[in-house]
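Biologist: I have not looked at this one before. Can you put it up and walk me through it?

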Amino acid sequence: MIEVENLTVRFDDLLALDAASLSVDDGEFVTVVGPSGCGKTTLLRSVGGLQEPTAGQVRVGGDPPETAQSAGDLGFVFQSHTLFPWKTALENVVFLRELAGREPQRERARDRLTAAGLGDAVDAYPRELSGGMCQRVAIVRAMHLGASTLLMDEPFGELDELTRYDMAASVLESWRDSNRTVLFVTHSVPEAVLLGDRVVVMADNPGRIVDRVDVSLPRPREESTMDTAAFAEQVADIRQVLRRNRTDDGSLRSDR
Amino acid sequence: MSHPRLPEWSYPVLALAGAVVLWAAFVSLLGVPPYLLPHPIEVARRLIGNPDLYLDAAVATTVKVLVGGAVGTLLGFMIGVAVGEIPPLWRAILPYLVVARVLPVVSLAPLLIIYFGVGFATGVGFVALMALFPMAISTAAGFRQTPDAALDLTRSVDASRLRVLFAVRLPYAAPDVVAGLRQSVTLAVVGAVLAEWFVSDGGLGYLILLAAESIRPDIMLASLSLVFVIGFSLYGAVGLLGARVRRRVE
């Protein structure tokens, strides 16, 4: 369970996040969508305890994020895969558990990689893998940590269109079996709709939450779900909210 | 037009051979007197003619390089880690570390002689001082190589600082540490020869000094060629290490 109350983050003169409130239930998959600079990454980093709020508070499972960090209860997936280049896929997956002070569970990790279609990549180094495969390993690593909360910051942002939705489908699959709470940040509306139980819509200048949209599409969802009329309708609704709140004045803004 | 590619090491070897041939031709054709520049064969004859003298001197110099280099690089590494790991320390002493590099370390030699006397310790201390700075600076710089996202990842699981230091930051710093080592090793050789000039306790540097006093460029060049061999071997060894390290972190 994630609770965010009146979270405000200010970087010098920039109001990155203005009094954002949000609640994610256990086992819920919530996506956050918005333009660059709307504070969605700041929101995610605050939930993960990587960003100190200026005001307001964050609770993960009833505790401050730092407690969740120490308990190994936060699984991060970043936009870049952040695999260590001197470790194989398998070593990378178990390494995060070791850093968290847990049993590495190598065999389990091997099984997870195989289940994610990375059976041949288990002993490969990141430089030998494609960007998509590296990100898959990073996702398996977050799963293997055993955290009940997954925080994903545009994990498919650097991947091509086809790989993105393929990855999204596999994230959905592993989420279904695991009952994890997921907060997933993206700037792609279709991705947000495909993945989320709820879509949190954000706007910029200042960064804030402008709407929360329940996604009524039935689960399980697959890539083909994106071809349905209901999906298109849901995407159109959210695009409209985004357009209404657009303050695109052409000025430069930081992405956080 | 395609050339059969020669192995990488053959280029410097060919260059060296070419230089020696040019040297020989220069001396023979122009009839340069041997007290100015002896023929390379004369130099080789010195080495073969009195192998014990040169071997003993080379061993003495190598020992200084290795002991002093080990002390200096180790101290430099530790300073680098401390500076890299503690940001206020980075800000406080990095400027001095950088400036200390342009400071001629030779100017500290008289001080070392006062502290350690005229002997092995002074030589080692001087070599260590030469080797210390590049190692410290490179190591400290290497600590900037860990990507922020990797540090975020370690924070997200509240990994212990010591664990992050050894398992994440040092591996990312490794290529810079090796780069520092490469500079330190070269300077350690320079340092050893210099130390032998002012400590005068033996070694190739001392031999060069003696040869200079009796105007024997053949002995000087014979000694110098061995200094070159020592420096080149160490540099090559570190280079091999560096290639391995870079392969891992790329």
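Modeller: Here it is; keep in mind that this is a predicted model. Between chain B and chain A, seven residue pairs are in polar contact, both residues of a pair being at pLDDT 80 or more.

Biologist: Which elements of chain B give two or more residues to the side that touches chain A?

Modeller: They are α7 (148–156), α8 (161–199) and α10 (217–249) of chain B. The most comes from α7(B), with seven residues.

Biologist: And by class, what residues does that side of chain B have?

Modeller: There are 10 nonpolar, two polar and seven charged residues on the side of chain B that touches chain A.

Biologist: How many salt bridges does the rule find across the interface of chain B and chain A?

Modeller: The rule finds one there. The side chains of Asp152(B) and Arg45(A) meet in a salt bridge, at 2.7 Å from N to O.

Biologist: What area is buried between the two chains?

Modeller: About 1,900 Å² is buried between chain B and chain A, and carbon and sulfur atoms give 63% of that. Of the area that chain B buries against chain A, 31% is supplied by Leu153(B), Ser156(B) and Val157(B), more than by any other three residues. In terms of contacts, 19 residues of chain B touch 22 residues of chain A.

Biologist: Back to salt bridges. How many does the structure hold over all chains?

Modeller: The total over all chains is 15. One of chain A's pairs is Glu28(A) with Arg198(A), whose side chains meet at 2.9 Å, N to O.

Biologist: Over how many bridges do β1 and β4 of chain A pair?

Modeller: Strand β1 (residues 2–11) and β4 of chain A pair over five bridges, in the antiparallel sense. Glu3(A), for instance, has Arg59(A) in β4(A) as its bridge partner.

How values were computed:
Residues numbered from 1 in each chain as written. Chains lettered and ligands numbered in written order. Predicted model: local features only at pLDDT ≥ 70, side-chain atom pairs only at ≥ 80, totals over all residues. Heavy atoms only, no water. Pairing = 2+ DSSP bridges. Helix = DSSP H or I, 4+ residues; strand = E, 2+ residues; numbered from the N terminus. Contact = heavy atoms within 4.5 Å. Buried area = accessible area lost by both parts, 1.4 Å probe. Salt bridge = Lys/Arg side-chain N within 4 Å of Asp/Glu carboxyl O. Polar contact = N/O pair within 3.5 Å; in protein donor to acceptor, adjacent residues only side chain to side chain. Nonpolar A, V, L, I, M, F, W, Y, C, P; charged D, E, K, R; others polar.
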